[in-house]
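Okay, everyone, thanks for coming.

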Amino acid sequence: MTHTYNITGMTCNNCVAKIKSELLKLSDVLSAEVSLENKNATIEMSKHISTSELQQAISPNKKYVITDDNTIMESETKTWFQTYKPILLIFFYITLISSFVTFSYQLNVHDWMNLFMAQFFLAFSFFKFLNLTAFAESYSMYDVVARKIKSYGFIYPFIELALGIAYLTAFNPTFTNTATIIVMGVSSIGVIKSVLNKQKIQCACLGAVFNLPMSTVTIIEDLLMVAMAAIALLIKV
């Protein structure tokens, strides 16, 4: 039997060699192929080995974390709505609250977008902070910056939090919207590349709390923020 597992924590070919060596030491492992680029391992085994046993073998202290790729594949058995229900509900509530406040206080479109984007960044940063380390590991699997600068994965939720507060307080709109275009634009590059390459990896947009597969939904999410920030720069209050 052959299974594919996701592995986070690998940074170089030495990591790949070490993990492969440790896996091959297991008596029931017939062969093992470890990929630094795809952050995974394909293991052929004579009988099933639990994920916890594999974890203990490759890294007892969890420098490397191995997870069953079936957690990603499970989403394929669900309907589109079931898979993306968490993110759809978040967008629904953000839209509802923004619209309610805008209507109640007779605000304009510019104010509605500020409210929407403030809630977006505050909500999404919140989920990332629930497990910052796990988010950083997942984010480094596809983001073009986090892949090269590991610390960026830990910094990114703070950037989202700062943007959320900036939109909420209407801090320097030109700077805030420009920063959003740059941050979300760069973030979308890795997402687009992963979707085009059909990589079956977990999206880190909601941190490690929900098992959301990378898809066009993530692209729309990032580019929507870019578009709204660009529109906000053009709207005169």
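**Strands, cores and a cavity**

So, before anything else: this is a predicted model. Let's start with the strands. Strand β1, residues 2–8, is joined by four bridges to strand β4, residues 65–68, and the two run antiparallel. If you want a pair to look at there, Thr8 stands opposite Val65 in β4. β1 also pairs with strand β3, residues 40–45, again in the antiparallel sense, over five bridges. On that side, Thr4 has Thr42 of β3 as its bridge partner.

Now the helices. Have a look at helix α4, residues 80–104, which is where Thr83 sits. Is Thr83 buried or exposed? Its relative accessible area is 8%, under the 20% cut-off, so Thr83 counts as buried.

Next, the inside. The largest nonpolar core has 37 residues, and the ones touching the most other members are Ile87, Phe120, Phe124, Tyr139, Met184, Leu206 and Met225. Which elements supply at least two residues each to this core? Those are α4, α5 (109–129), α6 (132–139), α7 (152–169), α8 (173–196) and α9 (216–234). The one giving the most is α5, with eight residues.

Let's zoom in on Ile87. Ignoring neighbours within four places in sequence, Ile87 is in contact with Phe124, Cys205, Leu206, Leu212, Val217 and Glu221. There's another core lying apart from the largest one, with 18 residues, including Cys15, Ile19, Ala32 and Ile58.

The largest cavity has a volume of about 90 Å³. Its lining has 15 residues, and nearest its centre are Tyr139, Tyr156, Ser187, Cys205 and Asp222. Giving two or more residues each to that lining are α5, α6, α7, α8 and α9.

You'll have noticed Cys205 coming up both as a contact of Ile87 and in the cavity lining. Cys205 is buried, because its relative accessible area is 7%, and Cys203 is buried too, at 1%.

Methods:
Residues are numbered from 1 along each chain as its sequence is written. This is a predicted model: local features need pLDDT of at least 70, side-chain atom pairs count only at pLDDT 80 or more; totals for chains, interfaces and linings use all residues. Side-chain values use heavy atoms; hydrogens and water are left out. Buried means under 20% relative accessible area, exposed over 50%, partly exposed in between (1.4 Å probe, protein chains only). Two strands pair if DSSP finds at least two bridges between them. A nonpolar core is a set of buried Ala, Val, Leu, Ile, Met, Phe, Trp, Tyr and Cys residues joined through side-chain atoms within 4.5 Å. Contact means heavy atoms within 4.5 Å. On a 1 Å grid over the protein atoms alone, a cavity is a set of points where a 1.4 Å probe fits but cannot get out, and a pocket is an open set with protein on both sides within 12 Å along at least five of seven lines; lining residues have an atom within 4 Å of a point. Grid points are joined across faces, edges and corners, and a volume is the space filled by probe spheres set on the points.
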